Amino acid sequence: MKLASTILDIPTQALDGLFSYVVPDDLDEVEVGCAVVVPFGGRLAIAYVVGIEDVDAKALAERGLSPEKLKAVAQVASKPYFDDDGAACAQYLAQSCVAPLSTCIRLFTPPGGVPRVVKRGGSWVVEEPEIAEVDDRYVMLTEEGRSYVPRKGATKQQAIIDALRDGELRVAELSVGFGAVSNVLSALEKKGVVRLETRRRNRNALQDGDGMQFAYGHMAMERPQLTAGQQDALTAISHAVARGDGSAVLVDGVTGSGKTEVYLRAIEPVLASGRRVIVLVPEISLTPQTVARFRGRFGDRVAVMHSRMSRGERYDQWDYIRSGQARVIVGARSALFTPVRDLGMIIIDEEHESSYKQDSAPRYHARTVAEWMAKRHGATLVLGSATPAIETLYACAKRHGWTRAVLPERANGKPLPEVEVVDMAAEFRGGSRAMFSKTLQNRLQRVLERGEKAILLLNQRGFAKFVLCRDCGHVPECPHCATSLTYHETERLLICHHCGHAEVMPPRCPQCMSPYLRLFGAGTQRVEAELNALIEGFGLADVRVIRMDADTTRRKGAHGELLEQFMAPGAAVLLGTQMIAKGLDFDDVTLVGVINADTSLKLPDFRSAEATYDLIEQVSGRAGRADLPGHVVVQTYLAHDSAIRAAANHDRAFFLREELPKRKALRYPPYARVANVIIWGKHVSRVKEEAQALYADIDDAVRQSGVQGWSVLPATPCALSKLRNTFRWHIVIKAPEGADIATVVAPCFKKRKADDEVRCAVDIDPASMV
């Protein structure tokens with residue numbers, strides 16, 4: 001008897017396990033990775049096959065299974081989506097992230113390409129995937145057709161033949177020009193005049209308006225002379241590849257040190273050996289330049305996966321990967337779960353980025369999953385950053401199989417830009433109320449007068465951070481979240497950046513009816529307005545100001561179009577949020593200004609200082625990357641903070657000397673493992689009650705397990721205590737480094753009964769505590 005182990009596509013904790021079904025003899029197409037239709041509790045359901053084995057009656061009895069009670073797979077609903085490695089990874093994620101199996105296995109399925117079972121007219125039916133392959137019909141002249149002369153009056157036949165003399169066309173294109181052509185083409189095909197072919201259409205976002213092509217295209221890339229640091233990094237990677245044991249190499253290189261060239265060179269021998277490579281890039285860094293570098297070296301063997309593509313485009317790229325034709329897969333964290341065979345290397349660029357952490361179940365970190373995959377496949381893990389995560393630096397210093405390769409200089413030999421810190425508190429005391437310091441104004445004017453470019457970073461969007469009544473102190477807040485509303489000048493709306501709630505800016509204070517409402521803080525819209533006024537005051541014409549934030553890049557293709565505008569010859573200023581801090585490489589950017597470096601510095605999160613240091617160091621690296629020298633101006637009200645001072649001096653060692661003792665004293669990573677248990681619901685009393693009960697369960701589980709050095713902090717409201725109309729509490733667990741938090745706490749969640757009013761989740765190794 002052939003038995004299939006399956007995961008039901010029903011996301012509930014109560015069904016979180018493997019279910020066995022008999023594979024009938026006439027369903028020999030059942031394989032690991034297939035979606036199948038199975039009977040379950042009086043209905044049909046989709047399940048994913050994660051294992052197949054031949055068993056006899058004795059083996060069934062040992063498992064407590066009765067052949068008479070086993071149900072059979074009803075039908076096969078798809079080709080395989082994943083293999084044994086994918087099935088094992090889904091189960092690893094479920095265990096390590098304390099997440100439902102059904103949610104984990106879904107990561108390995110194509111975008112929009114999954115069948116489902118629905119009830120229609122009292123019966124269960126299988127509904128085909130929403131997204132599937134798209135075929136086009138092409139028509140071309142045969143050799144005989146080139147000399148064929150239609151009968152007199154057959155004008156449409158003649159027009160079609162004339163149109164085809166220059167080459168084949170899609171039937172759809174002929175229909176646009178000549179209307180209904182099906183009958184005419186059928187008649188010509190019968191006469192042997194034309195031939196019709198059906199071909200798979202690739203909905204390629206790189207060609208269809210996503211802005212990922214433009215001036216970059218498939219540009220051929222020269223192979224520059226490697227620096228000593230680059231050569232040392234390649235040697236370290238080569239040794240790791242030779243070991244074939246899942247070793248990791250950190251390429252720790254300053255901005256502009258040529259890390260991408262190291263990746264490209266490291267990939268070549270892996271491809272030559274017949275294996276494939278996954279390259280992960282943060283979503284905001286997945287720019288046209290990034291894609292062009294890989295396509296310029298490896299051509300059409302590169303597949304790209306990112307969120308700005310439509311589901312159809314992502315499906316086609318996913319299917320291209322499944323076909324085996326793609327050899328290099330470039331994408332955001334989800335690219336890890338594409339059907340890559342013969343995996344030889346995983347590269348994670350900007351590995352410190354918090355976007356590699358998934359913020360919904362399963363709450364995995366791409367770096368951790370990539371490490372697991374590399375071990376399983378005998379592949380090599382390559383991590384790269386100018387500001388590596390503290391945990392990664394610690395792993396290189398302490399863990400076997402982790403190597404750090406340092407690139408201390410820029411690839412072109414140019415120095416890192418000089419960073420000038422402007423104390424905005426001192427400016428304020430001196431009577432200045434301007435958004436731009438005198439230093440930044442003067443630097444900006446000189447740069448634009450020379451026809452060069454500048455980048456200005458502001459880590460928020462909108463026009464003003466919040467609105468305040470100067471009479472009564474009222475600040476308009478979101479009715480669904482515990483946060484103030486942000487004013488957007490263009491729409492004259494107050495908008496919540498957490499849930500999207502919007503309301504019209506009131507002419508008077510809703511509380512006291514005072515007309516004295518003042519805008520506080522500065523969003524990108526307001527900075528853009530004041531920047532335009534400043535440039536006008538310089539007396540400069542034809543200076544382009546390009547704003548790049550979540551608002552201006554919402555439309556498909558906008559990201560690439562804005563970068564195109566910026567890279568055009570002439571003076572320009574790129575104003576934006578974090579998305580401009582990395583991944584951009586323009587020769588004529590000579591000035592970077594950080595409008596307010598304090599945005600994230602004092603958040604109630606143990607990583608806030610590290611995030612601030614990383615952001616300033618990264619955005620500073622956009623300046624002076626070619627022959628022209630660069631300069632950076634950092635505006636801050638906390639000029640003496642260690643993160644600001646360290647970034648200003650490009651001195652990571654100083655930052656670590658200040659930061660690590662605090663982490664050790666407070667038991668935070670890398671000296672401990674942390675888990676953040678989040679409890680949320682519509683009614684604050686129920687959330688509090690459930691949070692306190694769950695705290696008692698977890699604390700008891702830790703005590704009963706006998707583990708040492710653990711602490712469970714009592715349940716408290718989250719820093720953002722209300723979000724999207726739900727109240728939020730949390731429980732923080734601290735354990736020794738390397739501790740298996742999931743195994744200890746998982747039983748507390750598995751025994752918890754489903755509750756529609758209050759939900760909870762555990763985030764192990766959280767990227768943020770906010």
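Helices and strands are DSSP runs, with helices at least four residues long and strands at least two, numbered from the N terminus. The legends below refer to a predicted model.

**Figure 1. Thr380 in strand E16.** Thr380 belongs to strand E16, which covers residues 380-385. With a relative accessible area of 1%, Thr380 is buried. Setting aside neighbours within four places in sequence, the contacts of Thr380 are with Ala240, Val241, Ser247, Gly344, Met345 and Ile346. Gly122 is 258 residues from Thr380 along the chain, and the C-alpha atoms of these two residues are separated by 53 Å.

**Figure 2. The largest nonpolar core.** This core has 92 residues. The members that touch the most other members are Phe82, Leu93, Leu336 and Phe337. Helix H2 (residues 84-97) supplies the largest share of the core, 7 residues. When residues up to four places away in sequence are not counted, Phe337 touches Cys89, Leu93, Leu107, Phe108, Tyr364, Val369 and Met373. Another core, of 30 residues, lies apart from the largest one. Among the members of this other core are Ala233, Leu234, Val302 and Val330.

**Figure 3. Helix H2 against helix H11.** Two packed helices are described by the angle between their axes and the distance between the axes. For H2 and H11, the axes come within 11 Å and cross at roughly 140°. H2 and H11 are therefore oblique to each other, since an angle has to be over 145 degrees to count as roughly antiparallel. Their crossing is right-handed. On the H2 side, the contact is made by Asp84, Asp85, Ala88, Cys89, Tyr92 and Leu93. On the H11 side, Thr368, Val369, Trp372, Met373, Arg376 and His377 take part. By residue class, the contact of H2 with H11 divides into 7 nonpolar, 2 polar and 3 charged residues.

**Figure 4. Helix H17 against helix H19.** Helix H17 runs over residues 608-620 and helix H19 over residues 652-666. The axes of H17 and H19 come within 11 Å and cross at roughly 165°. That angle makes H17 roughly antiparallel to H19. The crossing of H17 and H19 is left-handed. H17 contributes Ala609, Glu610 and Tyr613 to the contact, and H19 contributes Arg652, Phe655, Glu659 and Arg663. The residues of this contact comprise 3 nonpolar, no polar and 4 charged.

**Figure 5. Two cis peptide bonds.** Most peptide bonds are trans. The bond joining Ala361 and Pro362 is cis, with omega about -5°. Pro362 sits in the loop between strand E15 (343-349) and helix H11 (366-377). A cis peptide bond also joins Pro669 and Pro670, where omega is about 15°. The loop that holds Pro670 runs between H19 and strand E29 (672-681).

Figure 6. Most residues other than glycine have a negative phi. Met513 is not a glycine, yet its phi is positive, about 65°. Met513 lies in the loop between strand E23 (502-504) and strand E24 (517-520). Asn725, which is not a glycine either, has a positive phi of about 70°. The position of Asn725 is in the loop between strand E31 (716-723) and strand E32 (726-736). Asn725 is partly exposed, and its relative accessible area is 30%.

**Figure 7. Asp166 in a loop.** Asp166 is part of the loop between helix H4 (155-164) and strand E9 (169-170). Its relative accessibility is 79%, so Asp166 counts as exposed. Asp166 and Met140 are separated by 26 residues in sequence, and their C-alpha atoms are 9.6 Å apart in space.

**Figure 8. Thr743 in helix H21.** Helix H21 spans residues 741-750 and includes Thr743. Thr743 has 45% relative accessibility and so counts as partly exposed. Cys97 is 646 residues from Thr743 in sequence, and the C-alpha to C-alpha separation of this pair in space is 9.7 Å.

Methods: Residues are numbered from 1 along each chain as its sequence is written. This is a predicted model: local features need pLDDT of at least 70, side-chain atom pairs count only at pLDDT 80 or more; totals for chains, interfaces and linings use all residues. Side-chain values use heavy atoms; hydrogens and water are left out. Axes are lines fitted to C-alpha atoms, for helices over the stretch in contact, and angles run from 0 to 180 degrees between N-to-C directions. Angles under 35 degrees count as roughly parallel, over 145 as roughly antiparallel, 65 to 115 as roughly perpendicular and the rest as oblique. A crossing is left-handed if the near helix is turned anticlockwise from the far one by less than a right angle, and right-handed if clockwise. Contact means heavy atoms within 4.5 Å. Ala, Val, Leu, Ile, Met, Phe, Trp, Tyr, Cys and Pro count as nonpolar, Asp, Glu, Lys and Arg as charged, and the others, Gly among them, as polar. A nonpolar core is a set of buried Ala, Val, Leu, Ile, Met, Phe, Trp, Tyr and Cys residues joined through side-chain atoms within 4.5 Å. Buried means under 20% relative accessible area, exposed over 50%, partly exposed in between (1.4 Å probe, protein chains only).
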